Amino acid sequence: MTEKKDERANAMTSKGSAQNDGRNVSLEAMADLRVFLREAEQAGELVHVHGADPELEMGALFELSHEHLYPPVLLFDQVKNCAPQFRVLSNVRTARFMVGELTLDAVKAYRNRPKEKKAPIPPQEVNYGPVMENVIEGDAVDVLKFPAPRWHAKDGGRYIGTECVVICKDPDSDWVNLGTYRVMVHDKTTLGVFIEPGKDGDAIRRKYWAKGQPCPMVISVGQAPILGVVASVAAKNGESEYAIAGGRVGRPIRTIRGKVTGLPIPADAELVFEGFMPAPEVDARTEGPFGEWPGYYASDERPEPVLQVKAIYHRDDAIIIGQPPTMPTYPGRQIKIPRVAALWDAIEAAGVPEIRGVWKLLGGGSRFIDVIAIKQLHPGHAKMAGLVAAGCGQSYMNRLIIIVDEDIDITNPAEVMWAVASRWDPKSQTDLIDGCWTGYIDPRLSPDKRANGDITTSRMIIYAVRPYHWRDGFPEVNMVDRDLAAQVRGKWQDQLPFLRK
Ligand SMILES: Cc1cc2nc3c(=O)[nH]c(=O)nc-3n(C[C@H](O)[C@H](O)[C@H](O)COP(=O)(O)O)c2cc1C
Ligand SMILES: [Mn+2]
């Protein structure tokens, strides 16, 4: 289909498609988990799993689903030893109809998206929503009756919150913050929440504790996909993720005032816990270990504050989102287009010209290994790109930056390593930088640094580019010209099946 036809097709579905870049998800599916479920079924991406065991079996099935670049959307029902009406839904934000093509063109399209999509729309308070179908208070509160899998073998507990949304409000203003922090089940009325130092949620709870008060808090463990998207990205201080989400889906997010805390709860959330988080001096329990995205249980176990649950709200047949980390070696650990785009933006914002592509090498997850293609304009240009990438705000938990020339297909790991093999002189084309920003879940953070609170590691920049001053004399590449290859493929593929992709 040509681009024009594509646009018309999107317009005719009257679904208000989110993008024109191959994504078919409707805005309403981003705004409503039940609509998402229907569209996943229509797209043929939904797989029902009956009767799986929350003790490691669901975790294993989930992990194996990540052997696929587009993991199936898994709907676990009749979960073993759980009330049959509650369900667990996995792989929402990796569905093919939601993410579209994972290509450099998709990154470019994302960076060029129209500005009006960014204008926030404040949430709208309503009196009733499906989350109020069941209201549980007082002695009836029991978080143990909902499915909470032990996902990885050495997890220190059962985790009900993985891709959840934790809501709290700044005590000194109207600012309501949404953040995704993992949530472990301790007992009937107690949930452990792991909020790393420096996160907005951490700053807010400390303000209450400084006044000698517990922090009012709401945790939603099943909600509109867009709420999970905005909760997992840091917004500017004072900016409401509810409003950002509304802007993205083109309508206000509807909220209900919590009975206990007054906090705004998503009106169509699936399962919500409401209560207070006292200071750790008052109540703290052992949290972790938990299998984390770098592929280790690095943050181990330590005392963390807890949510004392005072009320539970849920839909009759609540759907809990289950999205624990899996090893970054799996294809299903897709590249995050917005994250790559943000790094590209940061490098350009620092004034580095001719960036031709930004990507991540599989194995490094969405942080550890950056690959940047440039068209070298002058001596020192590659160095500029490398140093900015290593030092910009997007460089959290980076280990390695590889700069390559613009002829390298940076989405192909073999080509990237070929550039390293053939254009890099380790001694003269490498920078090592000490004392860079990392996090507690970095497995290479040494025990003594961890103990001292020195949360930094070193990082390396590899300039796998033809040295600028002798680039014209550098041996020529003997690969078939890419345009010629495409032309020949087009001409012959009907007769020669090996040419078909
Ligand atoms: C699936 C998932 C799980 C996450 N788990 C945690 C976590 O347990 N603790 C944490 O501090 N951040 C976690 N994050 C990262 C935070 O969500 C992210 O830093 C976000 O900006 C936090 O919100 P805030 O900036 O409002 O504090 C997770 C992100 C995702 C996508
Ligand atoms: Mn925030």
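This is a predicted model: local features need pLDDT of at least 70, side-chain atom pairs count only at pLDDT 80 or more; totals for chains, interfaces and linings use all residues.
**Around ligand 1**

The shell around ligand 1 holds 17 residues, and those that come nearest are Gly179, Glu196, Lys199, Asp200 and Ser232. Two elements, strand S8 (176–179) and helix H7 (200–210), each give two or more residues to this shell. By kind, the residues of the shell divide into 5 nonpolar, 7 polar and 5 charged.

**The sheet of 3 strands**

One open sheet is built of 3 strands in the order S4-S12-S13, and its pairing is mixed. Strand S4 (124–125) and strand S13 (264–266) stand at the edges of this sheet, and because each has a single partner strand, one side of each is left without a neighbour in the sheet.

**The sheet of 5 strands**

Another open sheet, also with mixed pairing, has 5 strands that follow the order S18-S19-S20-S22-S21. Its edge strands are S18 (355–360) and S21 (430–437), each of which pairs on one side only. Neighbouring strands of this sheet are turned against each other by 20° on average, with direction ignored. Helix H10 (residues 337–349) lies across S18 and strand S19 (369–374), and the helix runs at about 140° to S18.

| Strand pair | Sense | Bridges |
|---|---|---|
| S4 and S12 (residues 254–257) | parallel | 2 bridges |
| S21 and S22 (residues 456–464) | antiparallel | 6 bridges |

How values were computed. Residues are numbered from 1 along each chain as its sequence is written. Chains are lettered from A and ligands numbered from 1 in the order in which they are written. A residue is near a molecule or strand if its C-beta atom, placed from the backbone, lies within 6 Å of it. Helices (H or I, at least four residues) and strands (E, at least two) are DSSP runs, numbered from the N terminus. Ala, Val, Leu, Ile, Met, Phe, Trp, Tyr, Cys and Pro count as nonpolar, Asp, Glu, Lys and Arg as charged, and the others, Gly among them, as polar. Two strands pair if DSSP finds at least two bridges between them. Axes are lines fitted to C-alpha atoms, for helices over the stretch in contact, and angles run from 0 to 180 degrees between N-to-C directions. Two residues are in contact if their C-beta atoms, placed from the backbone, lie within 7 Å.
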